[in-house]
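Hi,

Here is the structure I promised to pass on. Have a look at it first, and my notes on what turned up follow below.

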Amino acid sequence: MKKRNSCSANGLSIQHLYYDILVRIFMNLNVVELSIVSMVSKSWNHISRDPLLWAKLDLSRISPNAFNIPSVPEAWSDTNSSNKLTTLLKYALSLSNYNTTCIVFNYFIYLTDAHLVFVAERTPNLKRLVLPFSGKLSSVGVKTAMKSWRDLQSITITSVVKSRTIFSAIRMYYQDIIELKFTCNFEIRQGELLVKYTPNLRALSLRNVMVNLRALLNILNSLEKLEEVNICHSLIWDRVNGKVETYTIHDVRNRVNLSLLQKLIFCQRNRCLMCKNVNNINPRRQPYVHFEDLWHQDEIRSLGH
Ligand SMILES: [Zn+2]
């Protein structure tokens, strides 16, 4: 009897070990590969539903060959590509079992209201949202999605959505946003929206964009809980008497009290390799236009992916 118990105990621990090892291995798979291994057997299907595997749903790791769709903007805009994306989301989110807290869309995916709302209904615990570069989102679509996300804290905003649309939804559902990354130009209007609707903002990335000086000063003066601001590779500018003027980090420091801010992250434009590369080495890569690598990376760790 004692021997049987011991065997059974060993059997149980071997089973646990097998489960844990496979979860570790599956963590290295992208969402398409994970969906495939979930169909291998009943036990692998069970393991592929582990909450650890779905906390972050990272569609940016999909291989360009997975859907035979090229990695260029707008390539996913046809009905066939849209249906492929819906099928993937449907299956992946059924495995996730509402455990996803962060979703990173693929940069090249063409995101529609239908996709966003579908995702939102199956990710009620979402905390971080990284939008793709292209798509067509309406005010109704964004508001419907936001209604499902009551714990949303962090957003990477791209040109896929108008700022006023997203801030209108934030205001409507009292979202307590603490982190934002803008991959589109930051104007006076965006500064005003931030001050009004994200008073608890702690981290803001305005990386490689054109930043209006008055908008930047407004948020630095008004957002009391702001801890980190990233303005690496960006151009600070303003229009004075009808003329466009550019400004340095010293000009910003001279105009605002930065003592409450823990970190203002900036690059030395004349020494920064990235700024130099854009200007001199690769003339086809236009400055202040967003590319996939710029969207991925960030000096504020929690805003990179
Ligand atoms: Zn730079």
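To start with the aromatic side chains: rings of Phe, Tyr and Trp (its six-membered ring) pair if their centres lie within 6.5 Å, with planes under 30 degrees apart counted as stacked, over 60 as edge-to-face and the rest as tilted. By that rule, Tyr 107, Phe 108, Phe 133 and Trp 295 are linked into a cluster by ring pairs.

Before going on, please note that this is a predicted model, in which local features need pLDDT of at least 70, side-chain atom pairs count only at pLDDT 80 or more, and totals for chains, interfaces and linings use all residues. Residues are numbered from 1 along each chain as its sequence is written, and side-chain values use heavy atoms, leaving out hydrogens and water.

Searching the whole structure gives five aromatic pairs. One of them is edge-to-face, because the rings of Tyr 107 and Phe 108 have centres 5.0 Å apart and planes at 90°. Tyr 107 counts as buried (under 20% relative accessible area, with exposed over 50% and partly exposed in between; 1.4 Å probe, protein chains only), since its relative accessibility is 4%. Phe 108, at 10%, also counts as buried.

Next, the helices. Helices (H or I, at least four residues) and strands (E, at least two) are DSSP runs, numbered from the N terminus. How do α6 (residues 113-121) and α7 (residues 139-148) cross? Their axes come within 8 Å and cross at roughly 5°; here axes are lines fitted to C-alpha atoms, for helices over the stretch in contact, and angles run from 0 to 180 degrees between N-to-C directions. The two helices are therefore roughly parallel (angles under 35 degrees; over 145 is roughly antiparallel, 65 to 115 roughly perpendicular and the rest oblique).

With contact meaning heavy atoms within 4.5 Å, the residues of α6 that meet α7 include Leu 116, Val 117 and Ala 120. These three are also among the buried residues of α6, and the elements covering those buried residues include α5 (79-96), β2 (102-104), β3 (110-112) and α7.

Finally, the strands, which pair if DSSP finds at least two bridges between them. Strand β11 (residues 235-240) runs parallel to β9 (residues 210-212), joined by three bridges, and antiparallel to β12 (residues 243-247), joined by five. Ile 236 in β11 is the bridge partner of Val 211 and has Tyr 247 as its partner in β12. β11 and β12 form a hairpin with two residues between them, and Asn 241 in the turn has a positive phi of about 50°.

Best wishes
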